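I opened my notebook to get to know a new structure, one look-up at a time.

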Amino acid sequence: MDAVIRQRRADPGEERRRLLAELGEEIQAPSQMTYGSQAAAASQVFEQQRDLALRERAEQHLALVDAALERLDDGSYGACLRCGKPIAPERLEALPWAAHCIACQSDLDKGRR
Ligand SMILES: [Zn+2]
């Protein structure tokens, strides 16, 4: 089964390189804050929090991509981690790092485990 999936899959490694490049852009340390006015300071804090949120999301995404690459290595790629059934190829094309089939993902999104 995975010969087909391997041919059709998008490359999670590509996404990983993109994320790493994104994470490589360091957030400015607060000590570099030199603005005098409180408004400027507040807007800088806001920007830092926004950057942090983006960074956190990128890191979570990177963890998913890394896990997908590990599954490629150990041959379990393309199988749902929850029910073990194959994940639809269309889903893997859209989300190469998907770890769950659509049915399980929808359960998980509803908070069911
Ligand atoms: Zn499943």
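Before anything else, I settled what a donor is: an N, O or S atom within 2.8 Å of the metal. I also kept in mind that this is a predicted model.

**Entry: the zinc site**

I looked up which residues hold the zinc ion. The zinc ion is coordinated by the SG atoms of Cys80, Cys83, Cys101 and Cys104, at 2.2 to 2.3 Å. Along the sequence, these donor residues follow the spacing C-x2-C-x17-C-x2-C.

Next I checked the geometry. The angles among the four donor atoms run from 105 to 118°, and the site is tetrahedral.

With cysteines on my mind, I searched the whole structure for disulfides and got zero. For my own reminder, a disulfide is a covalent bond between the sulfur atoms of two cysteines.

**Entry: helix α5**

Just after the helix, Gly111 takes a positive phi of about 90°.

**Entry: the chain as a whole**

I counted five helices and zero strands, and reading along the sequence gives the pattern α-α-α-α-α. The chain has 113 residues, and buried residues make up 28% of them.

For contacts between residues at least 6 apart in sequence, I noted that 55% join residues at least 24 apart. The chain exposes about 7700 Å², with carbon and sulfur atoms supplying 53% of that area.

**Entry: two residues in longer look**

I picked His61, which sits in helix α3 (residues 38-74). His61 counts as buried because its relative accessibility is 18%, and the cut-off is under 20%. What does His61 touch, leaving out residues up to four places away in sequence? My list reads Glu15, Leu19 and Trp97.

My other pick was Leu20, in helix α2 (residues 12-24). Leu20 has a relative accessible area of 39%, so I wrote down partly exposed. I also checked Leu20 against Glu59: they are 39 residues apart along the chain, and their C-alpha atoms are separated by 8.7 Å.

Definitions and conventions. Residues are numbered from 1 along each chain as its sequence is written. This is a predicted model: local features need pLDDT of at least 70, side-chain atom pairs count only at pLDDT 80 or more; totals for chains, interfaces and linings use all residues. Side-chain values use heavy atoms; hydrogens and water are left out. Donors are N, O and S atoms within 2.8 Å of the metal (3.2 Å for Na, K and Ca); water is not among the atoms, so sites may look incomplete. Four donors count as tetrahedral if all angles lie between 85 and 135 degrees; four count as square planar and six as octahedral if opposite donors are over 155 degrees apart and all others between 65 and 115; anything else is irregular. Helices (H or I, at least four residues) and strands (E, at least two) are DSSP runs, numbered from the N terminus. A disulfide is a pair of cysteine sulfur atoms within 2.5 Å. Buried means under 20% relative accessible area, exposed over 50%, partly exposed in between (1.4 Å probe, protein chains only). Contact means heavy atoms within 4.5 Å. Accessible areas come from the Shrake-Rupley method with a 1.4 Å probe; for residues, only the protein chains shown count as cover.
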